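Hi,

Here is the model I promised to pass along.

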Amino acid sequence: MTRSSLPSALPPAVDVAIIGAGIIGVSTAYALAQAGMRVAVFEKGAVACEQSSRNWGWVRTLGRELPEVPLALRANQLWGQIQDRIDAGFRRSGILYLQESDADAAGHQAWIDGARAYGIDARLLGSREARGLLPQTARNWTGAMYSANDGVAEPQLAAPAIAALARAAGAQILEGCAVRGVELAAGRISAVVTERGRVAAQAVLVAAGAWSRLFCGNLGADFPQLKVRGSVLRTTPVEGGPAAAVNGRDFTCRKRADGGYTVSQFGASMADVVPDSFRLMRHFLRSWLANRDFVRLRFGKRFFEELGMPRHFPADRASPFERHRVLDPRPSERGIVQAWRRLTHAFPVFAQASILQSWAGYIDVTPDAMPVMDAVPRLPGLYLASGFSGHGFGIGPAAGEAMAQLIQGRTPAIDLHPFRYGRYGS
């Protein structure tokens with residue numbers, strides 16, 4: 001990934017400083033700039049250099065935790081508006097959650113019943129109707145949960161495109177510029193301290209993805225967040241594959257703008273056992289047990305890498321964010337091979353394709369798999385939008401809009417109470 005030309009000097013002061021130029025950070029910057037706020041985004045690497053460019057690219061309402069559904073519906077509208085202005089690769093392809101049993105169908109119907117109050121566009125399809133949206137298949141799909149208005153965007157295009165819109169609206173985005181810490185005056189945030197100098201700010205948003213816990217912890221705010229390594233592959237172009245994005249229960253696929261497919265599976269996710277795994281065990285143990293079929297624990301060199309990383313550091317010297325500019329983990333070879341085998345078994349049309357590339361990224365996860373979008377207690381002027389648990393790309397524009405409203409002191413149009421910082425207790 002290439003970086004934009006860096007400005008010769010930092011702005012002396014902004015209304016809002018945003019830490020992290022992933023989908024959440026640039027979406028918030030775009031909303032704030034449109035509202036006339038002076039805003040600067042500080043990114044230690046490049047725009048979307050981590051998980052925001054490494055995810056599946058789904059823009060979905062289907063299957064979300066119910067508190068996220070209003071965000072997903074609003075994001076669906078905003079993605080359309082963004083695509084009208086700049087190419088983010090967004091299109092309403094439709095999304096299918098396939099079924100193989102009555103139990104699958106009952107689970108999907110229960111979700112639809114719970115989400116119906118929000119005005120979702122989702123319904124159950126019978127076997128014949130579902131198969132009409134699929135290529136020839138070797139599996140006995142009994143139906144599907146389907147939304148025609150859900151779709152996809154291209155992760156390598158989307159955040160840079162929104163960043164371009166934010167710049168056009170007046171936001172400044174500084175790549176290769178890590179924030180080391182903050183300053184306080186009269187008991188509230190007054191500035192960020194970057195590797196290139198100090199910038200006065202009335203408010204600071206931490207939207208640093210997998211790095212958010214480390215940054216907040218250095219300020220005395222204990223944010224319970226761990227990292228899960230997700231592995232993904234893309235194929236060569238395929239004729240005759242499904243037009244809709246597909247969740248096949250043990251694999252996923254969606255058509256890309258280049259004619260190939262992005263493919264993964266839930267079982268390809270791994271949680272590296274690190275020192276924070278033990279510090280946060282009381283928060284995460286129940287989640288680990290409930291998701292042990294989807295996320296595998298792994299002990300390896302990452303434990304020692306994080307053991308050697310300082311948890312507290314001063315702002316007047318190089319920080320961990322400068323020593324580790326980009327998290328770029330290796331994909332799980334086993335997970336990639338399994339996903340490919342399951343895809344080609346389910347849809348023989350993919351036998352004509354081959355794996356063109358595979359990659360991995362670190363997903364920022366919370367104990368309940370929902371983000372924190374809130375002011376940080378006891379640090380007036382500091383806000384947090386992180387822990388999106390693999391759900392952040394699709395709802396990114398709406399999350400950014402809501403955070404911009406919160407930071408401006410307005411009541412967000414979407415209820416953020418389910419995403420409050422204090423819900424995990426002390």
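The sulfur of Cys216 lies 18 Å from the closest cysteine sulfur, the one in Cys49, so that is too far for a bond (a disulfide here is a pair of cysteine sulfur atoms within 2.5 Å). Cys216 is also buried, at a relative accessible area of 0%; buried means under 20%, exposed over 50% and partly exposed in between, using a 1.4 Å probe and protein chains only. Searching the whole structure turns up zero disulfides. Cys177 is in none either, its nearest cysteine sulfur being that of Cys49 at 13 Å, and Cys177 counts as buried with 0% relative accessibility.

Bear in mind that this is a predicted model: local features need pLDDT of at least 70, side-chain atom pairs count only at pLDDT 80 or more, and totals for chains, interfaces and linings use all residues. Residues are numbered from 1 along each chain as its sequence is written, and side-chain values use heavy atoms, with hydrogens and water left out.

Then there's helix H12, residues 392-407 (helices are DSSP runs of H or I, at least four residues, numbered from the N terminus). In H12, 15 of the 16 residues are buried. Gly409, which follows H12, has a positive phi, near 85°.

Cheers

Conventions. Helices (H or I, at least four residues) and strands (E, at least two) are DSSP runs, numbered from the N terminus. The expected span of a helix is 1.5 Å times one less than its number of residues.
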